[in-house]
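Here is a short briefing to read alongside the model. Have a look at the structure below, then follow the notes topic by topic.

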Amino acid sequence: MAAKTKPQASAKPGNEFLSAEQAANRYGVHRASIYRWAKEGDFPAPIKLGPNVTRWALADLEAWEQSQREAC
């Protein structure tokens, strides 16, 4: 009998991804702003995980936040 594995309940640290809505909530802006910032190059690029799945790596967002703090 094959051992059953449990699906991973949460991402491993360093592998978390946020949706556009989650990223927008993080910065208090509209979802469209996240896409606009990424298109303008002022924000980390999204990662396509599938045909209808676009996410932002949390590590990329945290690095961007740090660069914004240092720029002030």
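In this predicted model, the axes of α1 and α3 approach within 12 Å and cross at roughly 25 degrees. Angles under 35 degrees count as roughly parallel, so α1 and α3 are roughly parallel to each other. Their crossing is right-handed.

**Where α1 meets α3**
- On the α1 side, the contact is made by Ala23, Arg26 and Tyr27.
- On the α3 side, the partners are Leu58, Leu61, Glu62, Trp64 and Glu65.
- Sorted by class, the contact of α1 with α3 has five nonpolar and three charged residues, with no polar ones.

**Where α1 meets α2**
- The axes of α1 and α2 come within 8 Å, and they cross at roughly 95 degrees.
- An angle of 65 to 115 degrees counts as roughly perpendicular, and α1 and α2 are therefore roughly perpendicular to each other.
- From α1, the residues Ala20, Glu21, Ala23, Ala24 and Tyr27 take part, and they meet Arg31, Ile34 and Tyr35 of α2.
- The contact of α1 with α2 divides into six nonpolar and two charged residues, again with no polar ones.

**The nonpolar core**
- The largest nonpolar core has 11 residues: Leu18, Ala20, Ala23, Ala24, Ile34, Ala38, Phe43, Trp56, Leu58, Leu61 and Trp64.
- Three helices each supply at least two residues of this core: α1 (20–27), α2 (31–40) and α3 (58–71).
- One of the core residues, Ala38, is in contact with Phe43, Pro44, Pro46 and Trp56, leaving aside its neighbours within four places in sequence.

- Thr54 is found in strand β3, which covers residues 53–57.
- Is Thr54 buried or exposed? Its relative accessible area is 17%, and because buried means under 20%, Thr54 counts as buried.
- Not counting residues up to four places away in sequence, Thr54 touches Ser19, Tyr35, Pro46, Ile47 and Lys48.
- Lys48 has its place in strand β2, made of residues 47–50.
- At 54% relative accessibility, Lys48 counts as exposed, since the cut-off for exposed is over 50%.
- Which residues does Lys48 contact, leaving aside its neighbours within four places in sequence? They are Val53 and Thr54.
- To put the pair side by side, Thr54 is buried, Lys48 is exposed, and Lys48 is in contact with Thr54.

Methods: Residues numbered from 1 in each chain as written. Predicted model: local features only at pLDDT ≥ 70, side-chain atom pairs only at ≥ 80, totals over all residues. Heavy atoms only, no water. Core = buried A, V, L, I, M, F, W, Y, C linked by side-chain atoms within 4.5 Å. Buried < 20%, exposed > 50% of the residue type's maximum accessible area, 1.4 Å probe, protein only. Helix = DSSP H or I, 4+ residues; strand = E, 2+ residues; numbered from the N terminus. Contact = heavy atoms within 4.5 Å. Axes fitted to C-alpha atoms, helices over the stretch in contact; angles between N-to-C directions. Parallel < 35°, antiparallel > 145°, perpendicular 65-115°, else oblique. Left-handed = near helix turned anticlockwise from the far one by under 90°. Nonpolar A, V, L, I, M, F, W, Y, C, P; charged D, E, K, R; others polar.
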